[in-house]
Amino acid sequence: MKTERLTILKQGKLAKGPVVYWMSRDQRANDNWAFLYAQKLAIELESPLTVIFCLVPGFLGATLRQYSFMIKGLKSVQKELEGKNIEFRLLTGSPEREIPEFISKNAVSAVVTDFDPLKIKREWKKSVQENTEIPFYEVDAHNIVPCRYASDKQEWAAYTFRPKINRLLDEFMDDFPELSPHPYKRKVARADFEPDSVLDGLACDKSVKPVEWIKPGEENARLMLKTFIEEKLPGYAELRNNPALDYQSNLSPYLHFGQISAQRVALEVSGAGSGDSIKAFLEELIVRRELSDNFCYNNPDYDSFAGFPDWARKSLNEHRQDLRPRIYTPEEFENGRTHDDLWNAAQLEMVNRGKMHGYMRMYWAKKILEWSETPEEAQKTAIYLNDRYELDGRDPNGYTGIAWSIGGVHDRAWPGRPVFGKIRYMSYNGLKSKFDTDRYAEKCLNSTME
Ligand code: FAD
Ligand code: FO1
């Protein structure tokens, strides 16, 4: 593994027990640099290897829809590890308490965890670091070019970030070794878990039901990738921004939960050729996605108005008193009860399918800005609804996508207009000129969780 992926959070003193991989963002057995590093360490120390996942009830407002997808995915990880002599334990509670407790009860010799720029994750790690004595490592298993290495500051836009990524890409598109069967084993009772009983006992909002059209887990993620490459990739450049059609990969729920590696996706897609569609897809998968991690890692205000660039804050402030053509409450937004049939259709698609078409997400968020009292309230409503219904929510891509739409992050200033100021505007008629909006609305009205 390239050492640039590794950060030593704590030197510490080795103990005698197993090496632990504290899995959090990258919830997969294969193509996982953090997991591979933990195994390398365990083999060097001639120690057993244990994976722990700390299940946190009410994580950033997650509902049954997201927990069901995640926990069923974790079950498939546990099954895969049985054959490799690697223990998988599901802990439940706050990591600040559960992780140090597991470490001391099991005389854990060292801990490896995966990288995540979100504030809540960094707080967890800081607390664990302060309450344990053993070595604590972090490996960026999510980005192809490690986030901390790609750039040492918040990037202004995709055009400033792209050259830094492209210069390093070949070096970091190295192939993954296999996760081998582990030579050392602990004599402890197995700790199996049953997804349905874990979900029954989990305190979370169960009114947002799981969706059926997409199945969780590494195997299903690879199938979705295969289908995308074979059936949609050739048309991606031309049709990906047409919400009436379905030319996106549908990989974001898998990428969000780390059930597939973005590096694996990039390796397979690059292997399929080098045309415009491949370039367009890799731009989104690598530059746009890793730019989101760069934004969230370098800007602690990634989820608030303060995180917008100066020009955008100034412009939105100058237009605070502008008359809003409409004002909707969060409930009216949530129930898709606005005057705009296309906005309502997109909201229905998100509620029913857990995944709104990418092109409509921009329009959806921008209209929330136009129809809310203040930009702060708009951002709050957009984050709340996105994270409540989307399978890929609670993700750096989401905070960044909403900050781009409402606060001009990674975008430039546009000619001023009421309410928006210099924030890029999108119009209903603009959509009508771009794709068959009736067909899209029809698709959404017929959408179900199936
Ligand atoms: P594809 O077009 O197949 O793209 C493949 C992958 O590339 C995506 O899974 C994603 O990882 C990456 N990607 C594509 N577009 C973007 C983008 N604009 N920014 C960053 N990465 C991108 N994405 C999320 O993963 N979670 C979210 O919560 C989320 N919220 C968003 C909110 C708004 C307001 C906007 C404008 C965008 C949001 N996005 C979010 C980014 C993008 O819309 C989704 O990643 C994409 O639609 C996911 O569907 P897909 O995997 O089928 O996309
Ligand atoms: N990560 C955890 O380590 N433990 C959890 O219980 C957990 C729940 C969860 C629920 C919904 C969701 O969208 C994400 C969740 N995550 C959890 C975090 C996730 O693994 C990602 O790391 C971040 O959300 C994105 O960086």
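Analyst: What follows is a description of the site around ligand 2.

This is a predicted model, in which local features need pLDDT of at least 70 and side-chain atom pairs count only at pLDDT 80 or more, whereas totals for chains, interfaces and linings use all residues. Residues are numbered from 1 along each chain as its sequence is written, chains are lettered from A and ligands numbered from 1 in the order in which they are written, and side-chain values use heavy atoms, with hydrogens and water left out.

Ligand 2 is surrounded by 21 residues, of which Ser24, Val56, Asp116, Lys121 and His256 are the closest; a residue counts as near when one of its heavy atoms lies within 4 Å of the molecule. Sorted by class, this shell holds twelve nonpolar, five polar and four charged residues, where Ala, Val, Leu, Ile, Met, Phe, Trp, Tyr, Cys and Pro count as nonpolar, Asp, Glu, Lys and Arg as charged, and the others, Gly among them, as polar.

Three elements, strand S3 (49–55), helix H2 (64–82) and helix H4 (119–130), each supply at least two residues of the shell around ligand 2; helices (H or I, at least four residues) and strands (E, at least two) are DSSP runs, numbered from the N terminus. Because domain 1 (3–142) and domain 3 (301–445) both contribute residues to this shell, ligand 2 lies between them, the domain bounds being taken from an automatic or database domain assignment.

For cysteine 54, a backbone N or O atom is found 2.9 Å from a nitrogen atom of ligand 2. On its own ligand 2 has 510 Å² of accessible area, and the protein covers 100% of it, as computed by the Shrake-Rupley method with a 1.4 Å probe.

Ligand 2 sits in the largest cavity, a cavity being a set of points, on a 1 Å grid over the protein atoms alone, where a 1.4 Å probe fits but cannot get out; a molecule sits in one if more than half of its atoms lie within 2 Å of its grid points.

Definitions and conventions
A polar contact is a pair of N or O atoms within 3.5 Å; within protein, one must be able to donate a hydrogen and the other to accept it, and residues adjacent in sequence count only if both atoms are side-chain atoms. On a 1 Å grid over the protein atoms alone, a cavity is a set of points where a 1.4 Å probe fits but cannot get out, and a pocket is an open set with protein on both sides within 12 Å along at least five of seven lines; lining residues have an atom within 4 Å of a point.
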